[in-house]
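Please read the following report with the sequence and the model side by side. It moves from strand pairing to individual residues, then to a pocket and a salt bridge.

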Amino acid sequence: MPKMKTKSAAKKRFKITATGKVLSAAAGKRHGMIKRSNKFIRDARGTMVLAEPDGKKVIKNFLPNGL
């Protein structure tokens with residue numbers, strides 16, 4: 001059987017914390033900031049913890065070996 005590989009795109013987008021949670025950047029900040037409210041832009045700064053079910057999917061499908 002071939003080895004399971006980590007997806008290169010996932011390496012760049014997600015980080016696994018020491019407790020096994022998944023950190024990711026906020027969505028919706030790539031372009032179109034003029035139509036977004038200042039509150040949205042402020043709240044979307046930095047990283048946030050993914051919801052538990054989504055985090056499990058990311059680890060299982062994209063980051064089987066961690067980072």
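## Pairing of the strands

In the sheet of this predicted model, A25 stands opposite T47 in β3, and β2 and β3 pair in the antiparallel sense over three bridges. Here helices (H or I, at least four residues) and strands (E, at least two) are DSSP runs, numbered from the N terminus, and two strands pair if DSSP finds at least two bridges between them. On the other pairing, three bridges join β1 to β2, again in the antiparallel sense; F14 stands opposite S24 in β2, and the bridge partner of K15 in β2 is L23.

Taken together, three strands form an open sheet in the order β1-β2-β3, with antiparallel pairing. The edge strands are β1 (14-16) and β3 (47-49), each of which pairs on one side only. Neighbouring strands of this sheet are turned by 30° against each other on average, direction ignored, where axes are lines fitted to C-alpha atoms, for helices over the stretch in contact, and angles run from 0 to 180 degrees between N-to-C directions. In the hairpin of β1 and β2, five residues lie between the strands, and G20 takes a positive phi near 95°.

## Basis of the values

The model is predicted, and local features need pLDDT of at least 70, side-chain atom pairs count only at pLDDT 80 or more, while totals for chains, interfaces and linings use all residues. Residues are numbered from 1 along each chain as its sequence is written, and side-chain values use heavy atoms, with hydrogens and water left out.

## The two faces of β2 and residue S24

Strand β2 has a covered face, V22 and S24, and an uncovered one, L23 and A25. S24 is found in this strand, which spans residues 22-25, and S24 counts as buried because its relative accessible area is 9% (buried means under 20% relative accessible area, exposed over 50%, partly exposed in between, with a 1.4 Å probe and protein chains only). Leaving aside its neighbours within four places in sequence, S24 is in contact with R13, F14, T47, M48 and L50, contact meaning heavy atoms within 4.5 Å.

K15 lies in strand β1 and counts as exposed, at 53% relative accessibility. Not counting residues up to four places away in sequence, K15 touches K21, V22, L23 and L67. K15 and A25 are 10 residues apart in sequence, and their C-alpha atoms are 9.7 Å apart in space.

V58, by contrast, lies in helix α3 (residues 52-61) and is buried, with a relative accessible area of 7%. Its contacts, not counting residues up to four places away in sequence, are F14, V22, L50 and L63. The C-alpha atoms of V58 and F14 are separated by 8.5 Å, although the two residues are 44 residues apart along the chain.

## The largest pocket

Rolling a probe the size of a water molecule over the atoms shows where empty space is left. About 300 Å³ of space lies in the largest pocket. On a 1 Å grid over the protein atoms alone, a pocket is an open set of points with protein on both sides within 12 Å along at least five of seven lines, whereas a cavity is a set of points where a 1.4 Å probe fits but cannot get out; lining residues have an atom within 4 Å of a point. Grid points are joined across faces, edges and corners, and a volume is the space filled by probe spheres set on the points.

The largest pocket is lined by K12, R13, F14, S24, A25, A26, A27, G28, K29, R30, M48 and L50. At least two residues of this lining come from each of α1 (8-13) and β2.

The structure holds one salt bridge, defined as a side-chain nitrogen of Lys or Arg within 4 Å of a carboxyl oxygen of Asp or Glu. The side chains of D43 and K39 meet in it (3.1 Å, N to O). Both residues lie in helix α2 (residues 38-43), four residues apart, about one turn of the helix. D43 counts as partly exposed at 48% relative accessibility, while K39 counts as exposed at 52%.

R36 has its place in the loop between β2 and α2 and counts as partly exposed, at 29% relative accessibility. Leaving aside neighbours within four places in sequence, R36 is in contact with G28, H31 and I41. R36 and G46 are 10 residues apart in sequence and 17 Å apart in space, C-alpha to C-alpha.
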